[in-house]
Amino acid sequence: MNFFNLDGPRMASEGAVPDRRSIRSRALLGLFFIQAGINHFLMPGPYRRIVPPGIGDPAALVAISGVAEVAGGVGVLLPATRRLAGLGLVALLAAVFPANLHMARNPELFPKIPRWALYARLPLQPLAMVWAWRATRR
């Protein structure tokens, strides 16, 4: 049995084989989120600094989001959990959007990042949500 069967389970009546692009998209999505989640623990400082004030303990929120990203990434790679993982990643991306908005609205707090880049990140979040959704659906 192929543990990381990225094209999902096959039924006898299924004739269509997923194309390489969709398989690659799932693999990249999973690996991207696994790496991003691990980064939350290797370099927590930058992540803690972008947590908007007043929404909770930055250290705890960064750890929780890091675990969620790793779990979501692994879930994307496993056919049995792929759809749920995709839904979880969409929810996670929505949950962390306030951090991107906080950065764009307070560029003076992030002087090493060009102002244009802080705003350019905002439309990337919905695009990542679409990617997570599509990559985890048939």
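This note walks through the helices, their packing and the cores of one predicted model.

1. **Ground rules.** The model is predicted, so local features need pLDDT of at least 70, side-chain atom pairs count only at pLDDT 80 or more, and totals for chains, interfaces and linings use all residues. Residues are numbered from 1 along each chain as its sequence is written, and side-chain values use heavy atoms, with hydrogens and water left out.

2. **Overall make-up.** The chain has five helices and zero strands. Along the sequence the pattern reads α-α-α-α-α. Both kinds of element are DSSP runs, numbered from the N terminus: helices are H or I with at least four residues, strands are E with at least two. Of the 138 residues in the chain, 37% are buried. Buried means under 20% relative accessible area, exposed means over 50%, and partly exposed lies in between (1.4 Å probe, protein chains only).

3. **Contacts along the chain.** Contact means heavy atoms within 4.5 Å. Take the contacts between residues at least 6 apart in sequence: 66% of them join residues at least 24 apart.

4. **How helix pairs are described.** Two packed helices are described by the angle between their axes and the distance between the axes. Axes are lines fitted to C-alpha atoms, for helices over the stretch in contact, and angles run from 0 to 180 degrees between N-to-C directions. Angles under 35 degrees count as roughly parallel, over 145 as roughly antiparallel, 65 to 115 as roughly perpendicular, and the rest as oblique. A crossing is left-handed if the near helix is turned anticlockwise from the far one by less than a right angle, and right-handed if clockwise.

5. **α1 with α3.** The axes of α1 and α3 come within 7 Å and cross at roughly 155 degrees. That angle is why α1 counts as roughly antiparallel to α3. The crossing is left-handed. From α1, the contact residues include L29, F33 and F41; from α3, they include V62, V76 and L77. By class, the contact divides into 14 nonpolar, six polar and two charged residues. For these classes, Ala, Val, Leu, Ile, Met, Phe, Trp, Tyr, Cys and Pro count as nonpolar, Asp, Glu, Lys and Arg as charged, and the others, Gly among them, as polar.

6. **α1 with α5.** Here the angle is about 125 degrees, and the axes are 9 Å apart. Therefore α1 is oblique to α5. This crossing is left-handed. S25, R26, L28, L29 and F32 of α1 meet W131, A132 and A135 of α5. The contact has six nonpolar, one polar and one charged residues.

7. **α3 with α4.** Helix α3 (residues 58-77) and α4 have axes that come within 8 Å and cross at roughly 150 degrees. The crossing is left-handed. On the α3 side, the contact includes G72, G75 and V76; on the α4 side, R82, A85, L89 and L92 take part. The class count is six nonpolar, three polar and two charged.

8. **The cores.** In soluble globular proteins, nonpolar side chains tend to be buried together. A nonpolar core is a set of buried Ala, Val, Leu, Ile, Met, Phe, Trp, Tyr and Cys residues joined through side-chain atoms within 4.5 Å. The largest has 11 residues, among them L29, F33, V76, A85 and A132. Two or more residues come from each of α1 (20-42), α4 (82-105) and α5 (115-135). Helix α4 gives the most, with five residues. A second, separate core of seven residues includes I50, M103, F110 and L122.

9. **A85.** This residue belongs to the largest core. Leaving aside neighbours within four places in sequence, A85 is in contact with G72, G75 and V76.

10. **T136.** T136 sits in the segment after α5. Is T136 buried or exposed? T136 counts as buried because its relative accessibility is 2%. T136 touches L29, V76, R82, R83 and G86, not counting residues up to four places away in sequence. The C-alpha atoms of T136 and A85 are separated by 7.7 Å, though the two residues are 51 apart along the chain.

11. **S22.** S22 is found in helix α1. S22 counts as partly exposed because its relative accessibility is 23%. S22 and R134 are 112 residues apart in sequence, yet 9.0 Å apart in space, C-alpha to C-alpha.
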